[in-house]
2 protein chains.
Amino acid sequence: MIVVLAGGVGAARFLRGAVRVVPPEEITVIGNTGDDIDIYGVHVSPDLDIVTYMLGGVFDEQRGFGLIGDSHVAMDQLAALSEEIWFALGDRDLEVCRVRTAWLTAGVTPSESAARIAARFDVRVRLLPMTDDRVHTVIETDDGPLHFQEYWVKHRAAVAATAVRLHGVEDARPAPGVLDAIADADVVLLAPSNPVVSIGTILQITGIRDALRATRAPVVAVSPIVGGRVVRGMADKLLPVTGAEVSARGVAGLYADFLDGFVIDEADEHLAHAIEELGITVEVTQTMMHTPEDAAALAKRTIDLAERLRA
Amino acid sequence: MIVVLAGGVGAARFLRGAVRVVPPEEITVIGNTGDDIDIYGVHVSPDLDIVTYMLGGVFDEQRGFGLIGDSHVAMDQLAALSEEIWFALGDRDLEVCRVRTAWLTAGVTPSESAARIAARFDVRVRLLPMTDDRVHTVIETDDGPLHFQEYWVKHRAAVAATAVRLHGVEDARPAPGVLDAIADADVVLLAPSNPVVSIGTILQITGIRDALRATRAPVVAVSPIVGGRVVRGMADKLLPVTGAEVSARGVAGLYADFLDGFVIDEADEHLAHAIEELGITVEVTQTMMHTPEDAAALAKRTIDLAERLRA
């Protein structure tokens, strides 16, 4: 069994590659729910849905969220009737959220809800939210706190962040199956997602970081930073808030207490030695995922590294 | 000032005629909210919206509800993802309901919300809900109670109703302006709406029936029943539950304590004498509203009768 800690688009692309090299039934995804937001009267769970839509073959790569070919009658009408729209959802995407909201309101757990939605899209990996408790990432700025989505989508990460915190984390526990999956895994992978607000959020849930330290499975991450520049969404954003350097080395430092292997891009080969000094085995490869084939090759290199580290 | 007590489609058609014969600014509509339902996470207020859409010139006459030319992506997606859809809402219509819901959640009153929505559709009559309190009509059946919409839309009024009651009526008060509008009116009209669940519901709100009895304005109704048959939606349904005869005479009997004039169809001319025995002045005319011109002619005859009764 392969466990993958996952954020949004970067993780989803990586997973699309992974299911080409291992059977999807052998993959458990632990997804970030810190980006979740209640808006338009529905509960949006962007990272879980991005993974679901990508693996379901219906992700809108052009827009970077939502369902391909979706219409946008609802947002147009809302804009005509009401306020400015800063968080767009396609019509079909909105209904996915409405169905989720109805289930949650009826007492269905987020885990069960995520599984049901994944099943509707014929996704065969096991998709677990990191927690069934309500948490959300808050970005502190000089103008006050912002919900992560306000910071990320509304302000396009253009206001200065002074701190990042996970609201509700004190009372949050890992979703059922999360700790067992990590403990029983053959391999644990960290997808190339934002190390602060995607992977970093998952790591904040009580018990998950300890489970990564304790598992006998090798833990291997794929660097979300290539050459210190913005290459995969905004994976480089918010790293400075943690005091970490915006580089593969900076990310490796955040994971050093549990990480066994790190896959970095050829552009960062010069950092390999510094990362290995942290006691982490480094694999250097081409990490850009322009096509599903690129993603499959990257997933294979990553899994191969983990297998070597198990041996 | 003309006050019109109004249900759904029949009332909306009548009002579309009325605004052709008097300036819309001189009309106050008191609308039924007993048909309101919370579904899909939004608050639907069908009768108020039917009036708004009809007067806004965007009512879907073909379907008998909603906005003309609306799309139905949301319901299709919901059906694909989830359960059977028995209460259809078009995409744009759904967003009207979402905006309303957001306002109500934020503490905006139903009255203010109705006024804002009407303004968005350039409706110039004053549209008041009968109450700002939450009420809904419950139809008792041998299989237990049904929300009015379940009875009406899901079961198409095909299950036997044993009683009709307005849930929440004990705590409901007329919306601001309702009693004043009736007291200060020059003319009060009852649109040709269902006498049990549209007009009858409005009459159940504490103080409204008394205000109709007390107002110096003549009160004139248009019969929703023509020849005892189903002619305007299902206006004849549920009358038997009240013990009233399914006829213009039966309806007149329900209003007799406050009604001054009654407009009945030529098909019911033979009932005129029996209705006049109730102390009600009867006007006989063609009451079917196939076109806006028909509706305008009916509105004019109705208002003219009221003016004669004032003199």
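Predicted model: local features only at pLDDT ≥ 70, side-chain atom pairs only at ≥ 80, totals over all residues.
Analyst: Residues are numbered from 1 along each chain as its sequence is written, chains are lettered from A and ligands numbered from 1 in the order in which they are written, and side-chain values use heavy atoms, with hydrogens and water left out.

User: Why is the pair Glu25(A) and Arg124(A) called a salt bridge?

Analyst: The term requires a side-chain nitrogen of Lys or Arg within 4 Å of a carboxyl oxygen of Asp or Glu. The closest N and O atoms of Glu25(A) and Arg124(A) are 3.1 Å apart, so the pair meets that rule.

User: What makes this pair a tie between parts that are 99 residues apart in sequence?

Analyst: Glu25(A) sits in the loop between helix 1 (9-21) and strand 2 (27-31) of chain A, and Arg124(A) in the loop between helix 5 (110-120) and strand 5 (126-129) of chain A, so the pair ties those parts together. Here helices (H or I, at least four residues) and strands (E, at least two) are DSSP runs, numbered from the N terminus.

User: Why is Arg124(A) called exposed, and Glu25(A) partly exposed?

Analyst: Buried means under 20% relative accessible area, exposed over 50%, and partly exposed in between (1.4 Å probe, protein chains only). Arg124(A) has 55%, so it counts as exposed. Glu25(A) has 45%, so it counts as partly exposed.

User: How do you know that Glu95(A) and Arg98(A) are buried?

Analyst: Glu95(A) has a relative accessible area of 1% and Arg98(A) one of 4%. These two residues also form a salt bridge, with the closest N and O atoms 2.7 Å apart. Because they are three residues apart in helix 4 (residues 91-105) of chain A, about one helical turn separates them.

User: Why is the ring pair of Tyr151(B) and Trp152(B) called tilted?

Analyst: Rings of Phe, Tyr and Trp (its six-membered ring) pair if their centres lie within 6.5 Å; planes under 30 degrees apart count as stacked, over 60 as edge-to-face and the rest as tilted. The centres of Tyr151(B) and Trp152(B) are 6.1 Å apart and their planes at 40 degrees, so the pair is tilted. Both residues are buried.

User: What makes Lys300(B) and Asp304(B) partly exposed?

Analyst: Lys300(B) has 44% relative accessibility and Asp304(B) has 29%, so both count as partly exposed. They form a salt bridge, the closest N and O atoms being 2.9 Å apart.
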